[in-house]
Amino acid sequence: MDHADLACIDLDLPSREGFRKFISSWLYRGDGFTVLVDPGPLSTVPWLCRELRRLGVERLDHILLTHIHIDHAGGTGALLREFPGAAVICHPEGIRHLVAPEKLWEGSRKVLGALAEAYGEIVPVPAERIGFAETIGPAGIRAFLTPGHAQHHCCYLLGDLLFAGEVAGVRCDVPGGIFMRPATPPRFVLEVALDSLDRMIALAPRRMVFAHYGVVETPLQHLRIARNQLLLWVRGVAETAAIEPARREEALVAWLLERDEQYRNECRLPQDIRARERYFLGNTLRGMMEYVDALSDGERQALGEMRPA
């Protein structure tokens, strides 16, 4: 495929500290076929539509959702009003939540609070406009069910380009390297997340899009870093399990900064993006802590003995 046909549309939230170069929607146009991946939240749909019109997009054939979290899919229903010919592709487990999004919206408000309000309410998607298919359009896009970050997560392979969503977590460029962290909110299951990563590694893509954030030319390296991070972070959670709850997160972060060379680059992030990452870190750690704390003593001890490849 011609990667010149690929465009990133940033969906920044100026009202929120550090919410730049973070939420992104990706446009692909080729052979008369136009696809948009992750339209983002409702509050950024007006900007997204202006950018699509500026780029000369008159119709969308498909809207692909990597998952139904509000920052990725909340504006889908509103976008369909502007592009009525588009069909939405979504994980089968997510479809009903977008058709009737009241519970999804209330859950988003409960977890995210004021941030959910900044994203905007989740607009319903008509049932006849949304579904799942393993192969999509004349370009032969392949859809893969990749639970881990969320049970309703998908990745999409377009030629040698993988739209990875958050299967490999979050990344940022920093001077002289990269920052990465897992994205493992509750409910997190290590074995499920590892299986999804292993299947994406087996595809051997040549380029990969992180939803948060950017396209990378070394996808296998990034996928393997993400896999090793899951093992390392879960081991850290197990090794700090005995620390009193009020100090546990602080102790775990210190543990990680000593051992994870990609996460250690947090100190190289711009201050506003660093603040944003600290905000989301709690969800990542909470998912891992709930997973580890539910294990038996023997299972937890085995995690403590695990080492990344």
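Trainee: What makes strand E5 (residues 87-89) and E6 a pair, and in which sense do they pair?

Mentor: This is a predicted model, in which local features need pLDDT of at least 70 and side-chain atom pairs count only at pLDDT 80 or more, while totals for chains, interfaces and linings use all residues. Residues are numbered from 1 along each chain as its sequence is written, and side-chain values use heavy atoms, leaving out hydrogens and water. Two strands (DSSP runs of E with at least two residues, numbered from the N terminus) pair if DSSP finds at least two bridges between them; E5 and E6 have two bridges, in the parallel sense, so they qualify. Within this pairing, Ile89 has Gly131 in E6 as its bridge partner.

Trainee: Why are E1 and strand E6 (130-131) called edge strands?

Mentor: The open sheet has six strands in the order E1-E2-E3-E4-E5-E6, with mixed pairing. E1 and E6 each pair on one side only, and that makes them the edge strands.

Trainee: How do you know that E2 pairs with strand E1 (residues 6-10), and with strand E3 (residues 33-37)?

Mentor: Five bridges join E1 to E2, and the two run antiparallel; Leu6, for instance, has Tyr28 in E2 as its bridge partner. On the way to E3, E2 again has five bridges in an antiparallel arrangement, with Leu27 opposite Leu36. Two residues lie between E2 and E3 in their hairpin, where Asp31 takes a positive phi near 55°.

Trainee: What makes strand E2 (residues 24-30) mostly covered?

Mentor: Six of the seven residues in E2 are buried, meaning under 20% relative accessible area with a 1.4 Å probe and protein chains only.

Trainee: How do you know whether helix H7 (residues 190-203) and helix H8 (residues 219-239) are roughly parallel or roughly antiparallel?

Mentor: The axes of these helices (DSSP runs of H or I, at least four residues) are 10 Å apart and meet at an angle of about 165°. Since angles over 145 degrees count as roughly antiparallel, H7 and H8 are therefore roughly antiparallel to each other.

Trainee: Which residues of H7 meet H8, and what is the contact like by class?

Mentor: Contact means heavy atoms within 4.5 Å, and among the H7 residues that meet H8 are Leu190, Leu194 and Asp198, while the H8 residues include Leu223, Arg227 and Val234. By class, this contact has twelve nonpolar (Ala, Val, Leu, Ile, Met, Phe, Trp, Tyr, Cys and Pro), three charged (Asp, Glu, Lys and Arg) and no polar residues (the others, Gly among them).

Notes: Buried < 20%, exposed > 50% of the residue type's maximum accessible area, 1.4 Å probe, protein only. Axes fitted to C-alpha atoms, helices over the stretch in contact; angles between N-to-C directions. Parallel < 35°, antiparallel > 145°, perpendicular 65-115°, else oblique.
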